[in-house]
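The following paragraphs go through the salt bridges of this structure and then turn to its surface.

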Amino acid sequence: MAFTDITTRHTNMKPAARRLPTLSMILDVWKSRRALARLDAQRLDDIGINSERATRESAKPIWDVPATWRD
């Protein structure tokens, strides 16, 4: 019987989105979200997001990395 990659079956996800985040990616996300949580309203306005969005993003779990980081 041939080996079947179960990550490619029954999914519409792109191959990059199926990869698991590396420890380095997780640490980068953690650092970025901590920095985002510390920004004041003026700095958040400078980057074009509001405090509610920043709070939501910084509260996400560290393993929830953006798909673009998995390329």
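In this predicted model, Glu 57 and Arg 33 form a salt bridge, with 3.1 Å between the closest N and O atoms. The pair links distant parts of the chain, since Glu 57 belongs to helix H4 (residues 51–58) and Arg 33 to helix H2, 24 residues apart. The two partners can also be described by their accessibility. Arg 33 has a relative accessibility of 7% and counts as buried, because the limit for that class is under 20%. Glu 57 has a relative accessible area of 26% and is therefore partly exposed.

Glu 57 has a salt bridge with Lys 60 as well, again described by its closest N and O atoms, which are 3.1 Å apart. Through shared partners, the salt bridges join Arg 33, Glu 57 and Lys 60 into one network. Lys 60, at a relative accessible area of 36%, is partly exposed.

A search of the whole structure finds four salt bridges. One of them joins the side chains of Glu 52 and Arg 56, at 3.1 Å from N to O. Both residues lie in helix H4, four residues apart, which is about one turn of the helix.

Definitions and conventions:
Residues are numbered from 1 along each chain as its sequence is written. This is a predicted model: local features need pLDDT of at least 70, side-chain atom pairs count only at pLDDT 80 or more; totals for chains, interfaces and linings use all residues. Side-chain values use heavy atoms; hydrogens and water are left out. Helices (H or I, at least four residues) and strands (E, at least two) are DSSP runs, numbered from the N terminus. Buried means under 20% relative accessible area, exposed over 50%, partly exposed in between (1.4 Å probe, protein chains only).
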